[in-house]
Every structure is written in C-alpha cells, then in structure tokens.
Amino acid sequence: MGAWGAGSFENDTALDFLHDIADARDGVGTDANPGRVGLVIGPIAVVDAASTDPDAMPDGEDDDEEAGYLDASLACDAIVAAEVIAAIHGKPHPELEPDGGDDKESNGAIVGAWACGPARKNADLMSRQLRELARSAMIKIRDGGELQELWHDAHDDEPGSPWLDAMNDLIERLR
C-alpha cells in the first residue's frame, strides 16, 4: 500500500509528479519531454476541461483521463501544480520551501527554489489568469471527481476533514 494522506504531498502520485517537475528542464519542453513550465500548466488545463460526472464517460471507455472524467491521478498532479503556482506567487506550502531545511536536495526544495526564483521570470506562470485557473481547478477537485469521492467515502466530508482543510488552505493561498 502506498502513501495516502490528506496533504498535497502525502500520496505516491503527488510525490512522483513532484519528482518529475524537479527532474525536468526549465521551459515548456515538448509533448514527449515536457519541461517544468509544461508540467505545471498541463494538469491545471486538463482539470479545467474535465468532467466531474462519472456517468459522462462514453460506454466502454477505460481511460478516465481520455474520456474527460476528473480521475484521482489527474487531481493529484493538478494539486501539486497548483502548489507550485502558489509558491511562485509567494505563498508556498512548507514542502516547497526553497531552503529545504535539512535536505536541500529534496524534490520539494529543488522545485521550491525554482518556483521562488527562475519561475518568477516566466510571464505565463506569473499570470493572474493561470493563478485564477488553478484556483478554479482546485475548487472543482474539492467539490467533485474521483479524488473527492474517495475522500468523501472514507470520511463523509465531516467538518474539519483534513483533506477539505488542506484543499481550502490551497484555494485560499491561490487568491
């Protein structure tokens, strides 16, 4: 069983995606080899176009992402991307603190240093439009889709739910 926690970086999918961003080159990159900018913008744009209605998938469709359904993996990637956008705008999650604490070579420290430095020179990443799109995507994830369903089934979205608290915190930091 992999990691499964309420925070933005407390599951295997998110940690893998954070590693992908840390390991990527700066810039947009290509479809076959996306750069950090492409990796950050991509999931946010896909969530924007995704449906939160599982019944909207075409019959016989196996690949949720291709069908347009907001699956949990896509949501986890988008949450990491939104955390990077929040860091770029000066409101980082502790995992993305650029000083890295004891481990300056952790994926979080690498991405945090990039987000607080070179990424701020990219007009697309600094745009108000992307920050608003990321905020909208996080609201969509919080309110529907597979990840929200999984947390709802596990915790009945009780007030004070750690996952809802983490999502609301991220949404607020994207203001």
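Figure 1. Angles between axes count as roughly parallel under 35 degrees, roughly antiparallel over 145, roughly perpendicular from 65 to 115, and oblique for the rest. Axes are lines fitted to C-alpha atoms, for helices over the stretch in contact, and angles run from 0 to 180 degrees between N-to-C directions. In this predicted model, α4 (residues 72-88) packs against α8 (residues 146-155) at about 100 degrees. Their axes lie 7 Å apart. The two helices are therefore roughly perpendicular. On the α4 side, Ala72, Ala75, Cys76 and Ile79 take part; on the α8 side, Glu146, Leu147 and Leu150 meet them. Contact here means heavy atoms within 4.5 Å. Six of these contact residues are nonpolar, none is polar and one is charged. Nonpolar covers Ala, Val, Leu, Ile, Met, Phe, Trp, Tyr, Cys and Pro; charged covers Asp, Glu, Lys and Arg; the others, Gly among them, are polar.

**Figure 2. The whole chain.** The chain holds nine helices and zero strands. Helices (H or I, at least four residues) and strands (E, at least two) are DSSP runs, numbered from the N terminus. Of the 175 residues, 42% count as buried. Buried means under 20% relative accessible area, exposed over 50%, partly exposed in between (1.4 Å probe, protein chains only). Among contacts with a separation of 6 or more, 64% join residues 24 or more positions apart. The chain exposes about 8900 Å², with 46% supplied by carbon and sulfur atoms. Areas follow the Shrake-Rupley method with a 1.4 Å probe; for residues, only the protein chains shown count as cover.

**Figure 3. Confidence along the chain.** The average pLDDT is 89, and 87% of the residues score at least 70. pLDDT is the predictor's confidence in each residue, from 0 to 100. Over residues 62-67 the pLDDT is below 50, yet this stretch has 10 contacts in the model beyond near neighbours in sequence.

**Figure 4. Tyr69 in its loop.** Tyr69 sits in the loop between α3 (64-67) and α4. Tyr69 is buried, at 5% relative accessible area. Asp55 is 14 residues away along the chain, and the two C-alpha atoms are 8.8 Å apart.

**Figure 5. Surroundings of Arg175.** Arg175 belongs to the segment after α9 (162-173). Leaving out residues up to four places away in sequence, Arg175 touches Lys91, Arg131 and Arg135. Glu132 is 43 residues from Arg175 in sequence, but 7.5 Å away in space, C-alpha to C-alpha.

**Notes.** Residues are numbered from 1 along each chain as its sequence is written, and side-chain values use heavy atoms, without hydrogens or water. Local features need pLDDT of at least 70 and side-chain atom pairs 80 or more, while totals for chains, interfaces and linings use all residues.
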